[in-house]
Amino acid sequence: MSGHLRFGSFMPPYHSPLNNHALSIERDLETVELLDRLGYDDVWFGEHHSGGYECSPMPELMIAAAAQRTRRIRLGTGVISLPYHHPLMVADRMVFLDHMTRGRCVFGVGPGALVADSQMMGIDYADLRPRMEESLEVILELLTSSEPVNRKAEWFELRDAQLHVRSHTRPMVPIAVAGAVSPTGPKLAGRHGLSLLSFGAASTVGFNKLAGTWEIVEAEAAAAGTRVEREDWALVGYMHVAETERQARDEVRYQIRSFFDYHHTVAPPLLADAETMTHDELVDGINASGAGIIGTPEMAVAHLRKLVDRTGGFGTFLISSVDWANREATRRSLELFAREVVPHFDGSIPARAAAFARAKARQVADGRLRDVGREKATAAYNMAVTATDQPDRTIP
């Protein structure tokens, strides 16, 4: 692999139920515009139907809106919960988005994370992963086959089904499979030769399992005869940076407690005993767990290098979009990260540092050349002035 990292944002999104929901959506879209201007590579939108916190029921709608406001950033579904939808409808919508975005769309798939979502639809939570596998197989057939697809499952049926429009991206819209702690995501990514979107870097339990994740992908790929690349592996984690660690800690006082209340009542816990921790203990817990960094750009660089070492290498790091800090501090963090963290991983620093070192080594010789250049320019100017001052001796 190249050794370079791509960067982006994973936007479930997380917003307190006490906030104005319509305004939160608008600010999410404004954040995507900022990410596009700052040079981030990806932004992914989630799907949730309960809990009152991650209120984005259809990532395709967010992609459609964001595509109209941006020029270059890739827009991904992070993720579409396949067991909640008929596979033909999902495939049709993603192909449509692939055309709308002119190939800037990424199709992220998963089983569904919140137990309440599946319960409201009368689906046994234990059935989600098997249904995701079944749906993914059918969707891949719809996207790649020129023949009608027929499949009768317990929860859907296809009769001579075909997509009447092929993907804008050839051979098909790119697909990423989500994985957290269980091996389902890495297994499917390897079996079908797809990208992997790992949430493991955003929790203590998941971080501890990262070291063996890619081994599962490669083993499944070898067994199935598919090809996988580490560049297609994206990790999600938490990140808030400021000029000083104290400033970063103070900025996230805004709503970090609300976030942890959600993660201990609705979503899987991020830190054990978070409810009894002081603010600084929460920050210390995040920084020590591997789930992310609240601190300085230097701390972020060190954390990312630790992730690279632990995984053996990956392709993209996605900053989880959370309202830990207020809007202004969050935007400053994204800009500071782009300015002072990203260059350590995009390959630009070594070339620029080498160019600066060469310039310093030549400073004496270059100084002489500058002196000679100035002397020549001065002499030429003086000669021109002298010639102008001479009387006109032209013979009439």
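## Contacts along the chain

A contact here means that heavy atoms lie within 4.5 Å. In this predicted model, residues 24 or more positions apart make up 72% of the contacts in the protein that have a separation of 6 or more.

## Overall form

The protein has 396 residues, and 48% of them count as buried. Its secondary structure consists of 15 helices and 12 strands.

Taken along the principal axes, the C-alpha atoms fill a box of roughly 110 × 60 × 45 Å. The radius of gyration is 27 Å, whereas a compact globule of 396 residues would have a value near 21 Å.

## Nonpolar cores

The largest nonpolar core contains 72 residues, and Phe107 and Phe337 have the most contacts inside it. Helix H5, which covers residues 128-144, gives the most to this core, with 7 residues. Another core lies apart from it and has 22 residues, including Tyr14, Leu114, Ala248 and Ala274.

Leaving aside residues up to four places away in sequence, Phe107 touches Thr77, Ile80, Leu82, Val90 and Met94, and also Ile139, Val173, Pro174, Ile175 and Ala176. One of these, Ile139, falls within the residue range of helix H5.

## Surface and charge

The side chains include 42 positive and 51 negative ones. The centres of these two sets lie 7 Å apart.

Key: Residues are numbered from 1 along each chain as its sequence is written. This is a predicted model: local features need pLDDT of at least 70, side-chain atom pairs count only at pLDDT 80 or more; totals for chains, interfaces and linings use all residues. Side-chain values use heavy atoms; hydrogens and water are left out. A nonpolar core is a set of buried Ala, Val, Leu, Ile, Met, Phe, Trp, Tyr and Cys residues joined through side-chain atoms within 4.5 Å. Buried means under 20% relative accessible area, exposed over 50%, partly exposed in between (1.4 Å probe, protein chains only). Helices (H or I, at least four residues) and strands (E, at least two) are DSSP runs, numbered from the N terminus. The radius of gyration is taken over C-alpha atoms; the globule rule is 2.2 Å times the number of residues to the power 0.38. Lys and Arg count as positive and Asp and Glu as negative; His and the chain ends are not counted. The place of a charge is taken as NZ of Lys, CZ of Arg, CG of Asp or CD of Glu.
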